[in-house]
Amino acid sequence: QLQLVESGGGLVQPGGSLRLSCAASGFPFNDYAIGWFRQAPGKDREGVSCISIVAVSTFYADSVKGRFTVSRDNAKNTVWLQMNSLKPEDTAVYYCAARKTGLFRRCVLQGTEYDYWGQGTQVTVSS
């Protein structure tokens, strides 16, 4: 059964940190780039970050550049999103998604390019 399961969300004060995890199962993880997306209430889904299969390519939205770091361990079928210096505007449901692609191809942040999605984890940044 194909699954992407996000975890690590929660409530954090502005300036704090969270580390999101995306655990994959049921498909050949090493054939897929992974993207992180978020959606706040009343707003469109936004691409946050992505990482290619062998982690040679990462990409960040301007809104999170310098604060968020994406990484993956293919042996553990897991991708992480380290989020530092969190701001209230980072509040959203965060989703990971998988895109089948070539081994050395750059990742992309267009959600329509992704094949599988997790259920999401809530991140709330508030004092």
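Predicted model: local features only at pLDDT ≥ 70, side-chain atom pairs only at ≥ 80, totals over all residues.

Visitor: Where does Val-54 sit?

Guide: Val-54 is in the loop between β5 and β6, with β6 covering 58-60.

Visitor: OK, switching to cysteines. How many disulfides are there?

Guide: The count is two disulfides. Counting bonded cysteines along the chain, the pattern is 1-3, 2-4.

Visitor: Start with Cys-22. Which residue does Cys-22 bond to?

Guide: Cys-22 forms a disulfide with Cys-96, and their sulfur atoms are 2.1 Å apart. Cys-22 belongs to strand β3 and Cys-96 to strand β9 (residues 92-100), so this pair ties together parts that are 74 residues apart in sequence.

Visitor: Are Cys-22 and Cys-96 buried or exposed?

Guide: Both Cys-22 and Cys-96 are buried.

Visitor: What about the torsion about the S-S bond of Cys-22 and Cys-96?

Guide: That torsion is about 70°, so the Cys-22 and Cys-96 disulfide is right-handed.

Visitor: Now the other one. What does Cys-107 pair with?

Guide: Cys-107 is joined to Cys-50 by a disulfide, with S to S at 2.1 Å. Cys-50 lies in strand β5 (residues 46-51) while Cys-107 is in the loop between β9 and β10 (116-117), so the link ties together parts that are 57 residues apart in sequence.

Visitor: What's the handedness of the link of Cys-50 and Cys-107?

Guide: The link of Cys-50 and Cys-107 is right-handed, with 70° about the S-S bond. Both Cys-50 and Cys-107 are buried as well.

Visitor: Anything else in the loop between β9 and β10?

Guide: Gly-111 lies in that loop between β9 and β10. Gly-111 has a relative accessible area of 13%, so Gly-111 is buried. The C-alpha atoms of Gly-111 and Phe-37 are separated by 7.7 Å, though the two residues are 74 residues apart along the chain.

Visitor: Let's do sheets. In what order do the four strands of the open sheet come?

Guide: The order in that open sheet is β1-β3-β8-β7, and the pairing is antiparallel. Its edge strands are β1 and β7 (68-73), each of which pairs on one side only. On average, neighbouring strands in the sheet are turned by 15° against each other, direction ignored.

Visitor: Take me across. How many bridges hold β1 and β3 together?

Guide: Five bridges, in the antiparallel sense, between β1 (residues 3-7) and β3 (residues 18-25).

Visitor: Next step, then. How many bridges are there between β3 and β8?

Guide: β3 and β8 (residues 78-83) pair over six bridges, antiparallel. Among the partners there, Leu-18 bridges to Met-83 in β8.

Visitor: And how do β7 and β8 run?

Guide: They run antiparallel, with six bridges joining β7 to β8. There, Val-79 in β8 is the bridge partner of Arg-72.

Key
Residues numbered from 1 in each chain as written. Heavy atoms only, no water. Pairing = 2+ DSSP bridges. Helix = DSSP H or I, 4+ residues; strand = E, 2+ residues; numbered from the N terminus. Disulfide = S-S within 2.5 Å. Buried < 20%, exposed > 50% of the residue type's maximum accessible area, 1.4 Å probe, protein only. Axes fitted to C-alpha atoms, helices over the stretch in contact; angles between N-to-C directions.
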